[in-house]
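Please consult the sequence and the model shown below.

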Amino acid sequence: MKSILSIAAATLAAAMISFAGGAAAEPCLDVTLTGTQGGPPVFQGQAGAGTLVRYGDSENNCSDVLMQFDTGRGTTQQLSKLGVPVGKLDAIFLTHIHSDHSEGLPDMMQLRWHFNSGGPKVDLVCHADVKSPLGHVMSCQKFAAHIGDSLIRSGEMAQRLAENKKRLPGGPADLVNVQVFDGTPDAQVVWEKGDVKVSAVASRHVPGHASYRVDTPAGSVVIGGDAGNDKPAPPRDTSTSAQVEALADGADIVVHSVIHPVMGPDGGTGFPPPIYHRQSTATDLGALSKRAGASHLMLTHLIPPMGAARQGPYPIPGGGLSEDDYTNAVRDGGFEGTVVVGTDLKSIRLPATQ
Ligand SMILES: [Zn+2]
């Protein structure tokens, strides 16, 4: 027969286990750079631009909601390194449809069609069609609608369907649920699931460029993409976007494409000034993050990549840049928080104690 003391001890132990279980289920947000290559060049196998944002709790590795922002070259392989199957993604968001941000998507959707034709579809959230002043149309919808066309034309899809009739007859496009929005300067909610809310603003880079913010009970992150200032060239106060700055107000983490000031007109690289001016510099991103009150700045889509002697055809004077070159440029902007100079698969998890 148990003594009262031992029953009390058992009760206390059960309460402690219960308390520990509750603590372990605390919400968490995980932000991982799936690819950090800046622009179309290749360098040492870096994957193209992309950020995986996961929300959940520590008992499921923050994996209740899986969101992929941009899908550059090699995104499928990077997700596989993280143990995240393409078929499990809840939503994919594109900042714009430049190839360095989107060319991994056909591969991802083909894989999903191959093994997950039974569904569910994946939401593809992007800006509605936009006609540029030069007359061309940037169309995420057409990109999605034709995502499997080359495989259909080659005959592969017919062959695969012949051996497995459960696959969707229209190919990978049948698994994409496109959700477009008309970009606005002020934030609008474009996607929600459970406790997760994603907002978007229109920002300048190319027509149809958007920047996103994810809000969760565990924290918030802004994905700026390649946003730059609405004014396409100096004189101007900053190279960063006012819309992104407002979106980032009070956010915990800012993830943003970056260009180092060495690529500017005075840096001696010969890099085209209009392309330089449509990106945000490391120094100005430091200043933006400070003003927004963010605690973490993750630089991605580095132009030039760390250690690269060239950005495409443009040589970097003095050879490649170091991590300190980027960090110091951010500090010049006054930011005192955590700086992550992006390499593939670097991540931040909130709360930081987990
Ligand atoms: Zn880009």
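Helix α10 passes helix α11 in a right-handed crossing, where right-handed denotes a near helix turned clockwise from the far one by less than a right angle, and left-handed anticlockwise. The model is predicted: local features need pLDDT of at least 70 and side-chain atom pairs count only at pLDDT 80 or more, whereas totals for chains, interfaces and linings use all residues. Residues are numbered from 1 along each chain as its sequence is written. Helices (H or I, at least four residues) and strands (E, at least two) are DSSP runs, numbered from the N terminus.

**The α10 and α11 pair**

- The axes of α10 (residues 282-292) and α11 (residues 323-332) come within 6 Å and cross at roughly 50°; axes are lines fitted to C-alpha atoms, for helices over the stretch in contact, and angles run from 0 to 180 degrees between N-to-C directions.
- The two helices are therefore oblique to each other, the class left after roughly parallel (under 35 degrees), roughly antiparallel (over 145) and roughly perpendicular (65 to 115).
- On the α10 side, A282, T283, L285 and G286 meet Y326, A329, V330, R331 and D332 of α11; contact requires C-beta atoms, placed from the backbone, to lie within 7 Å.
- By class, this contact of α10 with α11 has five nonpolar, two polar and two charged residues; Ala, Val, Leu, Ile, Met, Phe, Trp, Tyr, Cys and Pro count as nonpolar, Asp, Glu, Lys and Arg as charged, and the others, Gly among them, as polar.

- α10 lies across β13 and β14, at about 160° to β13, while α11 lies across β14 and β17, at about 140° to β17.
- These strands belong to an open, mixed sheet of seven strands in the order β9-β10-β11-β12-β13-β14-β17; two strands pair if DSSP finds at least two bridges between them.
- β9 (188-193) and β17 (338-341) are the edge strands, each with a single partner, so one side of each has no neighbour in the sheet.
- From one strand to the next, the twist averages 20°.
- Seven bridges link β13 (residues 253-259) and β14 (residues 296-303) in the parallel sense, and V255 has M298 of β14 as its bridge partner.

**The other sheet**

- Seven strands in the order β8-β5-β4-β3-β2-β1-β18 form an open sheet with mixed pairing.
- Its edges are β8 (176-181) and β18 (347-350); each has a single partner strand, so one side of each lacks a neighbour in the sheet.
- Here the twist averages 20° from one strand to the next.
- β4 (residues 91-93) runs parallel to β5 (residues 122-127), joined by three bridges; L124 in β5 is the bridge partner of I92.

Key:
Two residues are in contact if their C-beta atoms, placed from the backbone, lie within 7 Å.
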